[in-house]
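Here is a short note to read alongside the model. Please keep the structure open as you go through the points.

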Amino acid sequence: MACFPLRKTVTSKLDSIQRIFWWSKKNPKRAAYFRSWEDLGKSKLNGGLGIKNSYVTNRVFICNLGWRIINNPNSLLSICLKDKYFPNQNFLEIDKAANTSSWIWKGIVKGIKVLKADSVVNINNGASTRIWQDNWIPGYSSPPVPGDPSNISYTYVNELIDSQNGCWNVTLLTDLFSPDEVTRLRQLD
């Protein structure tokens, strides 16, 4: 379950087996349902039994593999997968797995979407963070969209920084981004 993405039919069957165990459905006419399945799924601190949804748990495990690839690029797993599936790409730029890819890799690629939705690029000095391709603004799940096509001439985040003062070029920010985006960017100082 921690390596292979399981089909929804398999995870539904696993959940069904758990429900039968907890609700004792040997004789459905006499079965007593003292708690709803949602209550059993709550954490123990909240009065439940902590039983997890198998489908969601499986997807979390697969996303964890992707997270390990990102955080440990020198691990054997990361090196092998990079050499085989994405030798010339950044891991977070992968959109789709080839049909000939392994089940594990297809699951990891699906998990990348979840990772990308809830992560932002660390700007550092801004020399390698692309303005219009990278998700670098906190609170947004996708890169910013230029309001004016002429704004595409700016490529990297370091072009938005006033090098003399070491802070954002606010005039340029207001020209390129929406007021909400400017507010979020100015909070990054």
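1. Which residues do ring pairs link into a cluster? The members are W132, W136, W168 and F177. Rings of Phe, Tyr and Trp (its six-membered ring) pair if their centres lie within 6.5 Å; planes under 30 degrees apart count as stacked, over 60 as edge-to-face and the rest as tilted.

2. Some ground rules. This is a predicted model, numbered from 1 along each chain as its sequence is written. Local features need pLDDT of at least 70 and side-chain atom pairs pLDDT 80 or more, while totals for chains, interfaces and linings use all residues, and side-chain values use heavy atoms, without hydrogens and water.

3. The whole structure has five aromatic pairs. One of them is Y85 with W105, and this pair is stacked. The ring centres are 4.8 Å apart, with 5° between the planes. The pair links distant parts of the chain: Y85 is in helix α4 (residues 76–85) and W105 in helix α5 (residues 103–117), 20 residues apart. Helices here are DSSP runs (H or I, at least four residues), strands likewise (E, at least two), numbered from the N terminus. Are Y85 and W105 buried or exposed? Both are buried. Buried means under 20% relative accessible area, exposed over 50%, and partly exposed in between (1.4 Å probe, protein chains only).

4. Look next at W136, a member of the ring cluster. W136 lies in the loop between α5 and β1 (161–162). Its relative accessibility is 1%, so W136 counts as buried. From W136 to G126 the C-alpha distance is 10.0 Å, and the two are 10 residues apart in sequence.

5. W136 also belongs to the largest nonpolar core, which has 14 residues. A nonpolar core is a set of buried Ala, Val, Leu, Ile, Met, Phe, Trp, Tyr and Cys residues joined through side-chain atoms within 4.5 Å. The residues with the most contacts inside this core are I131, W136, L160, W168, L173, F177 and L185. Helices α6 (170–176) and α7 (179–186) each supply at least two of the core residues. Helix α6 gives the most, with three. In soluble globular proteins, nonpolar side chains tend to be buried together.

6. Which helix gives the largest share of the patch? Helix α1 (residues 8–23) does, with three residues. F61 is found in helix α3 (residues 54–71). F61 has a relative accessible area of 36%, so it is partly exposed.

7. One lysine meets a ring. The charged end of K8 sits over the ring of Y55, 4.0 Å from its centre. The test is NZ of Lys or CZ of Arg within 6 Å of the ring centre and within 35 degrees of the ring normal.

8. How many salt bridges does a search of the whole structure find? It finds two. A salt bridge is a side-chain nitrogen of Lys or Arg within 4 Å of a carboxyl oxygen of Asp or Glu. Side chains of opposite charge can pair when their charged atoms come close.

9. K42 is partly exposed at 40% relative accessible area. D39 is partly exposed too, at 24%.

10. D180 and R184 meet in a salt bridge at 3.6 Å, N to O. They are separated by about one helical turn, because they are four residues apart in helix α7. D180 is partly exposed at 40% relative accessibility. R184 is partly exposed at 30%.

11. E38 is found in helix α2 (residues 37–41). At 60% relative accessibility, E38 is exposed. E38 and K52 are 9.9 Å apart in space, C-alpha to C-alpha, and 14 residues apart in sequence.
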